[in-house]
Amino acid sequence: NITIYPLLDLPITGGTICRNPRTGEVESEALLDSKLDPSEFEVNWFFDGELIHTGPKYSASVAGKYTVRTNKLQPEAGAACNYKDTEVTVEHSAVPLIKAT
């Protein structure tokens, strides 16, 4: 008998990049965290189809959709073999400028 387990969902929350409203400079990046153990999983972060980082966490400084792909380093039998590719959205925001008139 062969048992095929479906890939697991990887719950990663997107984030918000804070920009200075006057200069447009990034003041605070969005920290994206897979919460996976790097001794068990290789975590690859892609932006626009290009690999931009490998590691369990990534600090995003550009708004957009990121794709996260995992690779279990020691494949084993059972349900916890790997995760589905996951899309994470990062948005940008700025403190509004207020003028008194």
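Predicted model: local features only at pLDDT ≥ 70, side-chain atom pairs only at ≥ 80, totals over all residues.
## Overall fold

The protein chain has eight strands and zero helices. Along the sequence the pattern reads β-β-β-β-β-β-β-β. Of the contacts with a separation of 6 or more, 56% join residues 24 or more positions apart.

The chain has 101 residues, and 26% of them are buried. Its accessible surface comes to about 7,100 Å². Carbon and sulfur atoms account for 51% of that surface.

## Nonpolar core

The largest nonpolar core has 17 residues. Leu 32, Trp 45, Ala 60, Tyr 66, Val 68 and Val 90 have the most contacts inside this core. Five strands each supply at least two residues: E3 (30-33), E4, E6 (57-60), E7 and E8 (86-94). E4 gives the largest share of the core, with four residues.

Ala 60 shows some of these links in detail. Setting aside residues up to four places away in sequence, Ala 60 touches Ile 17, Glu 29, Ala 30, Leu 32, Tyr 66 and Val 90.

## Aromatic pairs

The structure holds four aromatic pairs. One of them is Phe 47 with Tyr 66: the ring centres are 4.7 Å apart and the planes meet at 40 degrees, so the pair is tilted. This pair links distant parts of the chain. Phe 47 lies in strand E4 (residues 41-47) and Tyr 66 in strand E7 (residues 64-72), 19 residues apart. Both Phe 47 and Tyr 66 are buried.

Phe 47 and Tyr 66 also belong to one aromatic cluster, together with Trp 45 and Tyr 58. Another ring, that of Phe 46, has a charge over it. The charged end of Arg 69 sits there, 4.5 Å from the ring centre.

## Thr 70

Is Thr 70 buried or exposed? Its relative accessible area is 11%, under the 20% cut-off, so Thr 70 is buried. The residue lies in strand E7.

Which polar atoms does the side chain of Thr 70 meet? A polar contact of 2.5 Å joins it to the side chain of Asn 82. A polar atom of the Thr 70 side chain also lies 3.5 Å from the backbone nitrogen of Tyr 83.

Neighbours within four places in sequence aside, Thr 70 is in contact with Leu 10, Leu 36, Phe 41, Glu 42, Val 43, Asn 82 and Tyr 83.

Terms used:
Residues numbered from 1 in each chain as written. Heavy atoms only, no water. Buried < 20%, exposed > 50% of the residue type's maximum accessible area, 1.4 Å probe, protein only. Contact = heavy atoms within 4.5 Å. Areas by Shrake-Rupley, 256 points an atom, 1.4 Å probe, with all protein chains shown as cover. Phe/Tyr/Trp six-rings, centres within 6.5 Å; stacked < 30°, edge-to-face > 60°. Lys NZ or Arg CZ within 6 Å of the ring centre and 35° of its normal. Core = buried A, V, L, I, M, F, W, Y, C linked by side-chain atoms within 4.5 Å. Polar contact = N/O pair within 3.5 Å; in protein donor to acceptor, adjacent residues only side chain to side chain.
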